[in-house]
Structure formats: structure tokens, C-alpha cells
Amino acid sequence: MKKIILSFVIIMQIIVPAFLVYKYENTLKHGEVYRFNVSPIDPYDPFRGRYVYLDFELVTVQYNGEKDIKYGQFVYANLDKDENGHAVFNEIFTEKPKVGNYLKVKFLGNYGIFGEDDTRYNIGFIFDRYYSQESKALKIENAVSDNRGQRGVDNESAETVSARVRIKDGLGVIEELYIGELTIHEYLAQKESLNTTQDHTK
Amino acid sequence: MSKKHIKWLKDELPKLIEKQVLSTENAEKLQQHYAMNDISSEQPLSLFTIILATIGGLLIGGGVILIFAYNWDNIDRPMRTVLAFTPLIIAQALTVTGLYPRRRGTAWREVSGVLLFCAVAASISIIGQTYHISGDFQGFITWWFLLLLPIVYIIRAHLMTMLLIILAGFAAINFTAIYLLFLLTLLPYYIQESNKNHGLKSAQTGWLWVSAFLVTVLFQFIFSSYQIDSTLTLLSISTCLYLTGSIIEKSNAFWKRPMTISGAIILGGYLILLSFNDVLRSSTQVINLFILETYEEKAIAQLSFLLLSFVLLAYHTYVRNFKLLVLPCVLILYILIGYVIAYTSSSTDFENTVALTIGSLLITLLTLIISGWYIFLGIKEGSASKLNYGLIMIVSLVMFKFFIDDFSLITRGIAFIVLGSALISINVWHNRRSAS
């Protein structure tokens, strides 16, 4: 009996992480691509290492349902894409929508929403981190800060920082971070080679 | 005879036979009488060795996690996924080989248990890191606990169990009250260890479990803003601890009875506190048993503890353990007084004050009765812990009354000297009596 229980537990200890891998891989392979604009900060997670926290631009959506929703509760937002491939959210539901693509999000109440429209609410995303090598995470954060600074001075030359996310059946998985049209790694490599060239010129 | 002494005798028998102090036949009879063949002749591992071995295991486990936390960008995703499973499979292999084909020593099981504890968390974390998923922390802790819980009962590794108790306590404090069930699932382990009379191991498990449980109760029911009757909840829980401990913990040693002792201390402490009007008034102002609409889990937990305490009271009444029913009378008295005062609180101030005064007098009287009862039991059974419990209750009651009420310094000084002298002299007399 003990052997049977032990075997079952050991199999479950492998199945649970394996199922997570299957879910995320499936989303990355077959999910639809959406862009989300972000402004990252760089903290540390002792369990998983250095990551860049992705502070997405605030999104407000409509809620026309009758059920009360608590702050922090998970709900489902249906979404479309604009002409640039950026995600556009319409409405949230307490149950999974039967039509169209949707994303599982966190309900954040209506703090900061003014005016007479009391049916619009803030939502937060579950994917809010980009894990990177310890030395790179700080560079990524600096690269983004530089672009944010530029945007303050000259909007046209500033690059948009965005995350490319695959979404399927409510699950969103970050595929890559972008500065403009370059992936973050291409951008850092380009910046490093520019700095090297400038040093040689001096 | 304890296992330790039987093992000593078993080791001595060959020498006694060799020196012809004992015949072979008599030695065999002794072996049969004490069931010596059931006891392993393996040298028990010293506590120091177990601690060092498990620290080594923790360091290895922690080191693996830190190495993976470095996040190798140069390794592609499929390879990272394989690496996520590697520590888990190694830890599982060590755990299984610790049991089959034959059960290995304590150090092996302890180290493999700790490694498995770290590896399960590491594999889920690394997958989250690989796919940039921050995930649901509550879900992560839940799965971490559930995937390890059955292993506790199979390999019976002490340190892994302690880590799991801490994890369960962490979940119960930070998430909803329903996570108290996690702690309750580890209670049978402590009961089994207690029955095997493993001494230090069962005591450590018991004290850690009780501490985690009480801290959880404090955070979930006392410190939270939930307006429940926290006094009633704490009295129910301590009654459950006291009466359950009386069933599970058979030893007479103070340090081997964490549930009984904790329950008794909380019940006794509350008895003294409730003897003061102000405390009784503020406790009875919040007599809300259920607020089901908004806080279902806490309300259900509160009701469950109350019902369980009544079930345990009924059980001990049925088996005629009347001695154990004395201390939990505080729960019954509080319910009666609390609800009478709650009933009269909407009446005139006079009736409310009278009700409060009568209530606190009754509780003071109960405190004196219970203290006297334990002093009597302590003297009759020769139990220093019971005697001192009764003495401490009386001394504390008198001291607090003297602190609160307006007595002169001289009066207080004389009272404290008298109490201190009584405490010392009764203990000295009791020790001499026990020795003779």
C-alpha cells in the first residue's frame, strides 16, 4: 500500500510541473500575439532570480454584470487588436466568454476613475515579470529608463517599450520584450557595439 | 521499561553470558520478555549528526535554487525545462532508495526529505522563471504543500515534517482560514510520534505544531479586523487543545505535552483576565457568532471549534474523565455570562453594571475553585506541575487585583512577600514530601 501511494505521489510531483510546461508551451505555440506597452522596474525574487517587473499601462474596461466582484478577484476580459497589434480590452466577465479571445485578469476596482461612468474598472495582468540573467536585468531596466527619459524630451525619437504576449484560452505568456521593433537582447547588443565603436573613436 | 534501557540490556546480555553471570537460557527468556528482537541494534544517530546532515541537505538544496536563479539566458527553453526537473528527479531517487529495497538510516531519510522539500518548490519556480510567469503565490504554496504531505507519512523524516508545519502555518496566516486544514492534516503525524514515545522528536513536532497553530489563530481571528467574538473563539480553541491533548499525550512530563499545557495556560490566563469588569465588558460587547455573508471561512472555522469543544466535553463526560472537565468550565461560564450580559446591555445602565459585577465575581470564584482544585490534585497525585499551576493562578489573580485596585505600596509589598514566600515554601514542602 505504501509503495502504491509513494508511486502515485512521485508521479504527481512530476505531472504538476509537466502540466504547467505543457500549458505554457501550448500557449506560446498556438496563442494569438498581442502587444502590451510597459514601463519596467528591476527587483529580485529569491525563488526565481532577477526579473524585470513590467508595469503595464493602466487599462480600464467595462463591466455590465450584476454579480459583485471583490478587489483582486480573477475575471475574464475579452480583447481585440488595434492596427499596431496592441491589445484592446472591451469588457470583463465573471465567467469565460464563449465568443472571441479572452484573458484572465485581476479586478482592481475603480480607484482613480472619475466622472459619471461608474461601470468602468481597472484591471491588472497576471504576467508582470520578465526573468533575465542577473547582469542583463539591470541593463534592461536602464535601457527602458533611457527611453522613458527621451519620451519626456522628444516624443518622436523615443522608442516604445512593449511586451509581445501569446494568449490562448485565457492564459497569457510573455514571448519577448521589445524596444521599438528590436527585441531587448538585440537592442542591448546594438547599444553595446555602438558604445565600443565610440570608445575606439576616442 | 523504555526502549533505551531495553536496548542497553540487549547490548549487555552477550557480556553477561560470557562472564557466566547469566545462563543462555535465562538470557533468551529475558529477550523474549522484553521483546528485544523488535529493537534494532543499529546505533541511534546522535542529534548533532542529524542536524549537521540536514543542514548539509538544506545548503545543497538552497545552492541548487540559487544556481538556477542565475537564469541562464544562453540555454534554450527546452533545456531549461529539462533542468527544472533534474533536482526533482534526483531528490525523488534519493527518497525512494532510502526506503527500497531496504530501509536506510535516519540521516539518509532526513537529507532526502529536505532535498525533496526544496526540489518540489524549485521545479515549479524554475518553470515559472522559464516562461516569465509570476503566477499565483497562493496556488504555488498550496501545490508545494499538497505534493509533499503524503511523503511525510511515508518516509517519516523529522526535519521535512517540521518544514512542512512551518509552510502550513505560513499559508494559514497569509491566506484564508481554510488553510488551517493544512495544519490539521499534520496532526496525525504528531499523534503517531507521541504514541511511539519518541521523546525529543515528538516533543519538537508537538511544540512546533502548537506554536504554528496558535500564531495562525492569533492572526486569523484576533488581530484581524473581523468583528467576531475573539474571546469565545480563543476559549473554544484552547478547550479543544486541552481536551485533545489529554487524549493524545500520555506522558507525565511537562515538555512532552504541548497541547495540554498550551490549552491549560490559555484557559487559566483568560480566566484571570475575565475576572476584571473592564475585560469582561469589552469581550462581551462583541457577541457575534456568524457573519456568514462576508467572512464565510472564519465563521465556519469559529463554529467548528465551538462544536468540537462541545463534542470533546461530551466525550470526556461519557468516559467519566471528570477531572478534565474542571478547567473548560470557563468556556461554559463565559457563554452563559456573556449572553446574559449581552441580553442586559440593551437594558438600563444599572442592570448592565450589576450583571457585569456578578459576572466578574462568578469568574473570580471559578478561578479560586479551579486553582484550589489543581493545588489539591497536585498534592494528592504528587504532581509538581499541577500544584504549581494552581499556585500560579492564585498568585497571578491576587497580584493583578492588587495592581489594578487602589492599594497602598506597603499593602502591596506585604502581599507580594506573603505570596512569594507561600509559593517557595509550598514547593519545598512538596519536594520533600515526594522525596520521602
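Two residues are taken to be in contact when heavy atoms of each lie within 4.5 Å. In the predicted model, this criterion was applied to B:T231, a residue of helix α11 (residues 230-248) of chain B. When neighbours within four places in sequence are left aside, the contacts of B:T231 are B:Y270, B:L274, B:S283 and B:Y334. The relative accessibility of B:T231 is 4%, and the residue therefore counts as buried, since the cut-off for this class is under 20%.

The interface between chain A and chain B was examined next. Chain A contributes 36 residues to the contact and chain B contributes 35 residues. About 3500 Å² of area is buried between the two chains, and carbon and sulfur atoms account for 66% of this area.

Polar interactions across the interface were also identified. Five residue pairs, with both members at pLDDT 80 or more, are in polar contact between chain A and chain B. One salt bridge is found across the interface of these chains. This salt bridge joins A:E25 to B:R77, with a separation of 2.9 Å between the closest N and O atoms.

On the side of chain A that touches chain B, two or more residues come from each of α1 (2-30), β3 (49-56), β9 (129-131), α2 (134-153) and β11 (171-179) of chain A. Of these elements, α1(A) gives the most, with 17 residues. Grouped by class, this side of chain A comprises 21 nonpolar, six polar and nine charged residues.

How values were computed
Residues are numbered from 1 along each chain as its sequence is written. Chains are lettered from A and ligands numbered from 1 in the order in which they are written. This is a predicted model: local features need pLDDT of at least 70, side-chain atom pairs count only at pLDDT 80 or more; totals for chains, interfaces and linings use all residues. Side-chain values use heavy atoms; hydrogens and water are left out. Buried area is the accessible area (1.4 Å probe) that two parts lose on being put together, summed over both. A salt bridge is a side-chain nitrogen of Lys or Arg within 4 Å of a carboxyl oxygen of Asp or Glu. A polar contact is a pair of N or O atoms within 3.5 Å; within protein, one must be able to donate a hydrogen and the other to accept it, and residues adjacent in sequence count only if both atoms are side-chain atoms. Helices (H or I, at least four residues) and strands (E, at least two) are DSSP runs, numbered from the N terminus. Ala, Val, Leu, Ile, Met, Phe, Trp, Tyr, Cys and Pro count as nonpolar, Asp, Glu, Lys and Arg as charged, and the others, Gly among them, as polar. Buried means under 20% relative accessible area, exposed over 50%, partly exposed in between (1.4 Å probe, protein chains only).
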